[in-house]
Amino acid sequence: MKLYRPLLAGLLVLISLMSGCATGSNPSAGADARAATKILKHWVEVSGGVKAFKKLESVETQATIDFGPLVPDIGMQSWSASGGRFRVEVNTPAFGKLITASDGKTIWQQNEKLGFGLIDPKQQAEMMRDSDPQEELKLDRYYPGRRRLADTSINGQKLQVIEVRTFDDTVEKWFMDPVTGLRLRVEKAREAIEFSDFRLTGDFTFAYVTKHSGKGGVMTVRLKTMVLNPKLDGVVFVPSTREIQDAATVTRILDGYSAVSGGARLANIQTRVTHVTMEMPKTGMKSEMKITQKRPNFVLIEQTVPGMGQSVQGYDGKTGWANSEMQGYRMLKGPELQQLLNNADLDAEAKVSAQCPLRTLLGERVIDGRRTQAVGLASLQGSNGTYYFDENSGHLVRVESSLIAGPKSVIRATMDISDFRQIDGVSIAFKTVVDNPAMYLIMTVSAVEQNVPIDDAVFKPRQDE
Amino acid sequence: MLGLLWVGPWMRSDEKPADWGQVRSATFDMVWSTVNDCYYDPAFGGLDWKAVRGKYEVRLKDAADNHALRRLLQQMLDELKQTHFAIVPDEVAVFTPKDRVKIGTVGTELVAAKGAVVVADVTPGSAAAAAGLRPGDTIRSVNGTSVERVGEAYAEAGVTAARRDFNITQFVSGPLHGPVGSEVPVEVEGADGKLRTVNLKSEANTGDWSEPMGNFPSMPIEFEAKRDAAGIGYLKFSTFSPKLMKQIRTFIRGLGANDGLVIDLRGNPGGLSIMAAGISGWISNKEFSLGKMQMRMGVYSFDVFPQERAFAGPVAVLIDSGSASTSEILAAGLQEEGRARIFGETSAGAALPSAIQKLPTGDLFQYAIADLTTPHGVTLEGAGVKPDEQIARTREDIVEAKDPVFAAACAWIDQGRHVEPAK
């Protein structure tokens, strides 16, 4: 699912393909800037020309997204229109249709299983630019800075290089074919995009294949069809009023949760040592656990189970690891490591909102006589579970979620959280009950110390000697 | 996550507390509800579990004492037709050193051979030795009950031959591990075919004991590890007890690059299942899974994590009908991964991960919490692990002090070992 980060960026670069170039007044001075502008002008002309782009009001495309041989291709359909409107629908195998859209002011995402969310305003600028069918007519606005760099050669092909500074102050390198004038490659901070398979569609020359390479992997988008100036009847760019209202309600609930958990005071906590007694009353098992946390994200969890010896897990900033008498030593990775880091985050309560951009307001539920608001929280990686927030206090009092118990082990459980106490200005739950048909676990905090000195060495991996 | 605990016909307490009616009801309800809430298959394999409650609840008032209640509960649990559902009498549950008198020993090791229970070994100086028992003797009856009849009853009930052998071995073994000082009349057939009855008196287990883990009681444990001059390591332990993990690890780490390893799981009824994955990590150089537990709400994979300086030589695993539960997880997982070759006889097919609760009566209730499948999707429960080389150890082999299973494993190891180039 991590592929969907570049996917999102890639989806919008796809929309930007219909952009050619247009000359305009050049705010940048200097010979390098003029040289770059000349190359861009030529690019606009070979891509279709200013006249043609002025007539381009909207575009509709159908494409497939190829993530490589191990993952099936997925289908995508997109529309972009003037005024910053766009809509992209991707058929994800795990969750069904994922919609990313904008009405020109607000960018939002929606999926039936994962929920609805508004895109962080900080990410909106690039998306708006990439979705504009007439982006090329506004080069000076979107790329106020540009300069020509030294030519380069990639795979034996000579290329002209332009550096552009975007209106939201990011820098990109564009690699242009000196023979055709077409743009063959763009390098951004987190990804590189290659353009190929240029075809004439109407008056325009578009790349029908774009390959995106980034930390999340490689994704190749292949256009199947493109319609210029399609009718947009029935294409929904605007979220529903209900979705916007629910999103606002959830944001209020999550902000309230963050505030009651400590809010800005969470940042004052640099270290925490928590002693926990764990009981499984049905099986008679009892053990002690000690959790040591230190910013930025160091953690050590030590558990001693009578009869089974000690079990330890940790993260030292580089390596997630575990060691136990029964299983030996291993590295933690993937979702298992991420779960450890999430649970160990001293700012966890403040980050729920950012980590779960997709939400579903499920409504009021009564738990143990308390009124709560139930919210489904998710990201593009999948559902994080259902969270219940006390309507009066704002505390998180129940989570229904999946716990990762190993590289291929997942257990669904209900966690009831209670006995909140203020320690150094932040709220800590002193009791958590984890309930699953195969186990019933009561975790009770017996002691908490915060901001005590902790040597980084304690988090280092402990291998068998 | 435990191996099978036996429930035998040696129940001797007819406890009946003052509020017996309440205790009886509460116990019945706890047993039924636990299965109702925790059984891994919410459809109970097609069994109407609610109807089962009705069927046995009407008989509850007739359970005049704990002995009767145990039988009623066990009958109800037997409707599931699965292993790892058992009422374990408090009289045999050891949690403190003082409790150890509850489980004695007469000094015999028993195995099933061709549907009979045979003495495989006799501890020198033990009660069994004093009574003249010898390897190769067949146990014909215990407490007046014919072993053959018990076996026939199991066969009629449709259990597999391996499970029948497991059960009849447990049937005999139970009374022979009765409380210290208890006497059990046993009819024995010698190698010469002559029958005799001996009274075996249970003595204290003076060896090592496992640590209790929650409601899982302490048990006598035996451990044997040796390496012969030919470089074949032999590892045998009576149960998967965490207390033995360090010894197992130390032994395996001490093996040489050209050595071979025989892990003898014959007669090992199981124990802590996570140990199977841990032991496998000491004999593997890559990650793999031994199988997975499918619970009602979740799945747990017994992942093997290779340890540094893991043993890389050939590994043979010996199993028989007495190998159950965690023994089967280990054998099947290593077999499917191709990391070990399995010798002997089909295992018991009793491989459901389980937990133990304490009942209001003071007895223990063992219940399965998950189904278990191998990496290839094979269900071990009811089927068992089939050896790569099917070899039975007969009564005659035992009389002659031969172990053809072990011999075959050693021969295979010798074929597969790396040979150092001549200097």
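This is a predicted model: local features need pLDDT of at least 70, side-chain atom pairs count only at pLDDT 80 or more; totals for chains, interfaces and linings use all residues.
Two strands are said to pair if DSSP finds at least two bridges between them. By that rule, three strands of chain B form an open sheet in the order β1-β20-β19, with antiparallel pairing.

As background, strands of a sheet pair through backbone hydrogen bonds, either parallel or antiparallel.

**Chain B as a whole**

Chain B contains 11 helices and 22 strands. The radius of gyration of chain B is 22 Å, close to the 22 Å given by the globule rule for 423 residues, so chain B is as compact as a globular protein of that length. Along the principal axes, the C-alpha atoms of chain B fill a box of roughly 80 × 55 × 40 Å. Of the 423 residues in chain B, 50% are buried. Among contacts in chain B with a separation of 6 or more, 70% join residues 24 or more positions apart.

**A helix pair**

Helix α5 (residues 147-156) and helix α6 (residues 161-176) of chain B pack at an angle of about 145°, and their axes are 9 Å apart. Their crossing is right-handed. From α5(B), the contact is made by B:Val147, B:Val150, B:Gly151, B:Tyr154 and B:Ala155. From α6(B), the residues are B:Arg164, B:Asn167, B:Ile168, B:Phe171 and B:Val172. By class, this contact has 7 nonpolar, 2 polar and 1 charged residues.

**Where the chains meet**

The contact between the chains takes 31 residues from chain B and 27 residues from chain A. On the side of chain B that touches chain A, at least two residues each come from α1 (20-38), α8 (274-281), β15 (288-295), β16 (298-304) and β19 (354-358) of chain B. The residues on that side divide into 17 nonpolar, 9 polar and 5 charged. Strand β24 (residues 409-423) of chain A pairs with β16(B) in the antiparallel sense over 2 bridges. In this pairing, A:Ile411 stands opposite B:Gly298.

**Backbone details**

Most residues other than glycine have a negative phi, and most peptide bonds are trans. The table lists some residues that depart from this pattern.

| Residue | Backbone value | Location |
|---|---|---|
| B:Arg309 | positive phi, about 60° | loop between β16 and β17 (315-319) of chain B |

Is B:Lys81 exposed or partly exposed? B:Lys81 has 14 C-beta neighbours inside 10 Å and therefore counts as partly exposed. B:Arg309 has 10 C-beta neighbours inside 10 Å, so B:Arg309 counts as exposed.

Terms used. Residues are numbered from 1 along each chain as its sequence is written. Chains are lettered from A and ligands numbered from 1 in the order in which they are written. Two residues are in contact if their C-beta atoms, placed from the backbone, lie within 7 Å. Helices (H or I, at least four residues) and strands (E, at least two) are DSSP runs, numbered from the N terminus. Ala, Val, Leu, Ile, Met, Phe, Trp, Tyr, Cys and Pro count as nonpolar, Asp, Glu, Lys and Arg as charged, and the others, Gly among them, as polar. Axes are lines fitted to C-alpha atoms, for helices over the stretch in contact, and angles run from 0 to 180 degrees between N-to-C directions. A crossing is left-handed if the near helix is turned anticlockwise from the far one by less than a right angle, and right-handed if clockwise. A residue is buried if 20 or more other C-beta atoms lie within 10 Å of its own, exposed if 12 or fewer, and partly exposed in between; C-beta atoms are placed from the backbone. The radius of gyration is taken over C-alpha atoms; the globule rule is 2.2 Å times the number of residues to the power 0.38.
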